[in-house]
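Colleague: I would like to learn how to read backbone features from a model. Please take me through them one at a time.

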Amino acid sequence: MTTYADHRLIDGRAVQARILNEVREEFDRARESWPVGRLVSVSIGPSPEIEVYVRNQARGAERAGLPFEQQVWPADITQEECKRRIAEFNDDSDVLGIILQRPVPAHIHVRSLQSAIHPLKDVEGMNPASIGNIVYNDIALAPCTAAAAVELVRETGLKLEGLEVVMIGHSEIVGKPAAFMLMAEGATVTVCHHMTRSVAMHSRRADVVVVAVGKPHLIGPDMIKPGAAVIDIGINQVSDADGRLHILGDVDTDKVREVAGWITPVPGGVGPVTVAMLMRNALTAHKRQVASGWLRQETLQTC
């Protein structure tokens with residue numbers, strides 16, 4: 001198990017490094033027989049709030065040995081033109097995967113664009129087909145943040161079969177897929193949300209609590225069973241009295257770690273592993289493109 005000096009804090013950066021090394025080794029072997037394309041990041045209009053995510057993805061791709069191309073499309077681009085460009089990427093054998101950055105302008109229907117990305121190039125796991133596959137226990141191309149949460153539960157060394165898990169938050173791209181993924185591993189999962197009468201009643205009996213609601217320090221030590229694992233997906237920007245911005249999770253880490261057996265810090269926990277899951281998904285996408293006949297050995301070009 002990889003941890004900080006405080007054994008209760010799970011070091012997401014170390015987990016990321018291990019996964020990216022594994023992915024790079026597999027891609028290096030794959031290149032001996034097959035071409036490996038590039039990842040294309042698409043932003044619609046300038047958006048400073050997503051720049052840090054794009055930079056982290058670009059660094060992750062570099063460490064995984066993957067070419068990474070960033071495209072910024074005009075903010076006034078039409079829905080039809082977006083789908084036309086995505087269709088071109090789908091047909092381009094040199095494009096391994098497509099990353100659609102969010103948020104998008106109000107006139108763009110993001111779910112329609114996610115649906116336009118071919119499932120074999122859906123490295124984010126956001127196409128409805130990719131999310132639907134999770135119901136059938138096909139979790140190989142799952143949404144990256146949900147996959148990161150499950151990976152960090154594994155990092156504790158706890159046996160997932162029969163594990164009592166409480167998922168707090170039921171969003172379509174994190175809470176729900178994470179719950180299905182954990183069930184696919186044999187865990188018993190309870191999903192709490194804003195209409196749950198007493199979240200604490202559920203969370204206090206859980207072996208693992210996964211939180212993704214976007215409310216800083218929602219979860220305190222009184223809501224956690226001693227020795228439980230706590231996976232904090234929340235990222236919240238909060239200003240202090242001097243106006244300085246701080247990043248806080250949904251969990252009051254300093255207090256909860258006195259009770260928990262394991263806990264992910266914010267930042268440095270789920271975030272780095274999410275990038276690693278994106279690169280692992282890219283590897284899965286490549287394997288499936290090869291298996292489906294999209295890539296052929298004779299198209300391999302020597303550099």
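Colleague: In which loop does P267 lie?

Modeller: P267 lies in the loop between β10 (262-263) and α10 (270-291). Helices (H or I, at least four residues) and strands (E, at least two) are DSSP runs, numbered from the N terminus. This is a predicted model: local features need pLDDT of at least 70, side-chain atom pairs count only at pLDDT 80 or more, and totals for chains, interfaces and linings use all residues. Residues are numbered from 1 along each chain as its sequence is written, and side-chain values use heavy atoms, with hydrogens and water left out.

Colleague: Which peptide bonds are cis?

Modeller: Among them is the bond joining V266 and P267, where omega is about -5 degrees. The bond from R102 to P103 is also cis, with omega near 10 degrees. P103 is in the loop between β3 (95-100) and α4 (110-116).

Colleague: What is phi at H217?

Modeller: H217 is not a glycine, yet has a positive phi of about 55 degrees. H217 is in the loop between β6 (208-211) and β7 (229-232).

Colleague: Why does H217 count as partly exposed?

Modeller: Buried means under 20% relative accessible area, exposed over 50%, and partly exposed in between (1.4 Å probe, protein chains only). H217 counts as partly exposed because its relative accessibility is 37%.

Colleague: How many bridges join β4 to β5?

Modeller: Two strands pair if DSSP finds at least two bridges between them. Here 5 bridges join β4 (residues 164-168) to β5 (residues 188-192), and the strands run parallel. E164 stands opposite T188 in β5.
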